[in-house]
Amino acid sequence: GQDLVLALGLEGGLQLGGPVETIPLGMPRLVVSRTGTVVYAPRSPAELVAVDRQGVVRPLHDATAEFHNPRFSPDGRSIAVDINEPTGRDVWVLSLEQGTLTRATFENDGHDAIWSRDGRALIYIGTRDGRTQLLRSRMDGSPGEPLASDVAIAPGGWLAGGRLLAVTTANSQLRGYNIMVDSAGRLVPFLATNFSEAWVGTSPDGRWISYASDASRRFEVYVAPADGSAGRIQVSTGGALESNWGADGRTL
């Protein structure tokens, strides 16, 4: 939300525009060309709303912010959501009953949370000792607990047996993004090919996965049984990312 100001020495500056969108840790999204042209992304505050299948929109909170990745808790009574601010970003929890927004992570770079299966904790990505790791917040104000020592970029979902999927950058000789599974505190390959597979999610019963792959030269969404018993099915046709499962386990 910073304004774009041209520095003119100690006397002050001239405001050129703004507010400017920021990335985590307050860095503004702007560049200056060699000829002096300034290009920047304007800040785009958003609202949290619920949308039903008929397209009817219902506001959930009166706050506006740079919200990202809203996720319902298993009981449907709360929503975890990233809030990006000039000082960084973290995960907050909106109580739908009380209407309160409560901060749940404190890394100033916490994001892309999913709920634990019992709804008592959040699994999210945060920076710890200079590494981007899977962390768990018990939502009691304490620091996040590392779940795996490997570098990760997003948690995915829970398999039927209770193991956690996550997405990492290239593993071994494979390029792009890979889908990994937690195994005794380590992330080992679950779906890792010569293409990029990312934005993974699991059905409510943990028996199906959805993910995006660029195997067709652009990202499309696919669905496959989690146990590998059958091939994948492409469910999008015009390019797609970031699918979410409906609570009935039959819709994306």
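Predicted model: local features only at pLDDT ≥ 70, side-chain atom pairs only at ≥ 80, totals over all residues.

Q: Where does Thr105 sit in the chain?

A: Look for the elements on either side. Thr105 belongs to the loop between strand S12 (101-103) and strand S13 (111-115).

Q: Is Thr105 buried or exposed?

A: Relative accessibility decides that, and buried means under 20%. Thr105 has 1%, so it counts as buried.

Q: Which side chain makes a polar contact with that of Thr105?

A: That of Asp90, at 2.4 Å. Asp90 is also one of the residues on the contact list of Thr105.

Q: Now the pockets. How much space lies in the largest pocket, and which residues lie nearest its centre?

A: Read volume and lining together. The largest pocket holds about 1,400 Å³, and its lining of 38 residues has Arg71, Phe72, Asn244, Trp245 and Ala247 nearest the centre. Strands S7 (49-51), S9 (66-72), S13, S17 (154-158) and S21 (197-202) each give two or more residues to that lining, with S9 giving the largest share, four.

Q: What is the make-up of that lining by class?

A: The largest pocket is lined by 20 nonpolar, twelve polar and six charged residues.

Q: And what about the second largest pocket?

A: Its space is about 430 Å³. Among its 19 lining residues, Asn69, Asp112, Ala154, Trp199 and Glu242 lie nearest the centre. S9, S13, S17 and S21 each supply at least two lining residues here, and the classes come to eleven nonpolar, five polar and three charged.

Conventions: Residues numbered from 1 in each chain as written. Heavy atoms only, no water. Buried < 20%, exposed > 50% of the residue type's maximum accessible area, 1.4 Å probe, protein only. Polar contact = N/O pair within 3.5 Å; in protein donor to acceptor, adjacent residues only side chain to side chain. Contact = heavy atoms within 4.5 Å. 1 Å grid on protein atoms, 1.4 Å probe; cavity = no way out; pocket = protein on both sides within 12 Å on 5 of 7 lines; lining within 4 Å. Points joined across faces, edges and corners; volume = space filled by probe spheres on them. Nonpolar A, V, L, I, M, F, W, Y, C, P; charged D, E, K, R; others polar. Lists of a residue's contacts leave out its neighbours within four places in sequence.
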